[in-house]
Amino acid sequence: MRLAVIDEKKCYPEKCGNLCEKICPRNKLKEKCIIIDKTAKIDEKLCVGCGICANRCPFSAIKIVNTPEKIGNLVYRYGENKFALYNLPVPKKGIVICLVGRNGIGKSTAIKILAKKIKIIPENFPTILKVYLKEEKTISYKPQVLEHVDVEKIDKSIIKEFNIKKKDSYSGGELQILNIGLCLSKDANLYLLDEPSSYLDVVSRLKVANLIRNKLVGKEVIIVEHDLAILDYLADEVYLLYGSPGVYGVVSTLYPSLRGINSYLTGYLPAENVRLRRERIRFNISLQEEVKVDELVSFSNLEKKLGEFRLKVKSGEIYKNEILGVIGPNAIGKTTFIETLANKIKQDKGAISGKQLISYKPQYLYPDFSGLVEEIVPKTRDFKEQIAYPFHLETLYKKRVEDLSGGELQTLAIALCLSKEANLYLLDEPSAFLDIENRLQLVKILGRIIKNKQASSVIVDHDLHLLSQISNRVLLFRGKPTKFGEAEILKTYEGLNDFLRNFNITFRRDPETGRFKANKFGSRLDVEQKKRREYISLN
């Protein structure tokens with residue numbers, strides 16, 4: 001089957017003079033394969049898949065893709081020459097199912113269909129799917145885009161577990177907890193949660209995972225998730241989504257969680273006989289060496305008071321060619337510290353010294369530009385080769401910034417931050433909404449930029465894979481969230497290990513892929529690692 005997808009927001013026939021219509025081989029034979037009706041329209045039955053129109057389109061508005069032979073059933077298409085989703089995940093009673101795949105591959109679309117936010121007519125579906133969709137079910141749905149929530153509607157046990165307090169404004173992590181809490185407070189047959197771990201620290205992610213498992217016993221549960229450690233901890237079974245981002249997505253057969261996640265990382269799906277990518281993903285976690293040669297920035301006993309919250313950061317230095325990872329619970333002062341470095345706020349006590357040219361990506365992103373992505377990105381060769389190409393940023397150039405998804409906006413913000421001339425790059429939670437592939441690209445790109453520019457970086461994040469791969473040292477935050485925070489710089493392993501020890505959590509590594517796996521509390525491996533005081537295993 002051949003799919004022709006046209007992004008109408010990128011298609012400007014009046015500017016290109018109907019180029020695709022003129023150069024199409026079938027059109028030259030007097031057949032109407034491509035016609036212009038405000039924007040281009042392509043007849044997929046006539047299209048021969050030559051790709052001439054896609055290659056010659058000056059606005060990159062056209063994509064022509066040949067799909068695998070056995071692709072399954074077309075469940076939903078957003079319209080003529082629009083994104084298509086094949087197959088649909090089917091919930092199972094008493095089983096937690098997770099969806100795994102790249103951004104733009106149809107995970108949220110599948111969730112919205114099950115949540116009845118997108119209407120479909122299941123005429124040509126397999127019997128099992130047709131029967132399921134016709135069943136009357138009560139549904140509780142947490143969307144990817146967070147909404148303001150009335151605390152009064154949340155179960156009191158959840159409010160107590162996460163120490164939720166009613167107030168005028170909430171942080172991203174607090175808003176995420178509120179949205180999850182509201183979803184789990186409803187009495188429903190089917191629970192759907194889209195990216196519940198974004199903005200949450202490791203401890204909160206595990207708390208949410210345990211809450212889902214304990215509260216939704218015997219229920220149907222489907223979750224979209226990118227954090228591999230939480231995915232493995234939470235999922236009983238997984239559906240893998242593959243295809244071409246922005247063009248089409250295919251929901252695989254159902255896999256046991258271990259086999260499914262590892263198949264996704266190795267890049268080959270045995271049941272479908274489909275190759276996802278050329279290279280396999282393996283997390284070769286060998287801690288970065290400490291760099292203590294040329295000091296770039298130093299800070300001495302910083303203190304800051306914000307309302308009732310107090311922050312203290314012990315004296316430390318950031319060296320050239322160093323990436324300093326920052327880890328700690330939510331609401332403990334990490335963003336306050338990075339905003340102090342970025343000169344966004346002023347410390348009450350202590351001092352920051354050293355000449356810094358700063359580039360800063362904040363935690364929360366707001367698309368305040370209505371123009372196209374290509375209008376705000378650099379046009380240099382270095383940017384194209386070192387940043388845009390690895391992040392596949394060119395696919396966004398003809399989109400308006402205000403129309404970007406969470407993952408697309410995050411990718412753009414990171415790219416713009418790293419494109420600036422600076423000697424100190426500050427990134428606050430860059431992994432939020434990024435898929436697995438783009439998180440790995442961030443590790444490579446940031447490491448290369450720091451080395452080439454003899455610069456430094458401070459990166460706040462909750463992804464253990466990201467921090468363990470990229471950090472030369474870590475700034476560990478301890479304290480009582482919303483009350484006080486204290487921070488000091490430690491060696492990477494010592495910092496990560498102490499962080500997990502404070503919350504009595506252990507992680508081991510999967511022998512096949514090298515990824516981190518959270519041990520079940522009280523399990524044999526959990527007990528053995530705690531005896532060795534090894535809360536995160538690198539072996």
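**Close-up views of the predicted model**

**View 1. The largest nonpolar core of this predicted model.** This core holds 107 residues, and I212, Y248, L418, Y425, L446, L500 and F507 have the most contacts inside it. Helix α15 (residues 436-453) supplies eight residues, the largest share of this core. Apart from it lies another core of 26 residues, including I105, I118, Y239 and L241. In soluble globular proteins, nonpolar side chains tend to be buried together.

**View 2. Surroundings of L446.** L446 is one of the residues with the most contacts inside the largest nonpolar core. When neighbours within four places in sequence are left aside, L446 is in contact with I323, L418, L427, S457, I459 and I470.

**View 3. Packing of helix α13 (residues 381-391) with α15.** The axes of the two helices are 10 Å apart and form an angle of about 175°. Because angles over 145 degrees count as roughly antiparallel, α13 is described that way relative to α15. From α13, the residues in the contact are Q386, I387, P390 and F391; from α15, they are N438, Q441, L442, I445, R448 and I449. Sorted by class, six of these residues are nonpolar, three are polar and one is charged.

**View 4. Helix α17 (residues 492-502) and the elements around it.** The buried residues of α17 are T492, G495, L496, N497, D498, F499 and L500. They pack against two helices, α9 (202-215) and α16 (464-470), and against the strands β18 (323-327), β23 (473-480), β24 (484-491) and β25 (507-509). L500 is also among the residues with the most contacts inside the largest nonpolar core. After α17 comes N504, which has a positive phi, near 60°.

Notes
Residues numbered from 1 in each chain as written. Predicted model: local features only at pLDDT ≥ 70, side-chain atom pairs only at ≥ 80, totals over all residues. Heavy atoms only, no water. Buried < 20%, exposed > 50% of the residue type's maximum accessible area, 1.4 Å probe, protein only. Helix = DSSP H or I, 4+ residues; strand = E, 2+ residues; numbered from the N terminus. Contact = heavy atoms within 4.5 Å. Core = buried A, V, L, I, M, F, W, Y, C linked by side-chain atoms within 4.5 Å. Axes fitted to C-alpha atoms, helices over the stretch in contact; angles between N-to-C directions. Parallel < 35°, antiparallel > 145°, perpendicular 65-115°, else oblique. Nonpolar A, V, L, I, M, F, W, Y, C, P; charged D, E, K, R; others polar.
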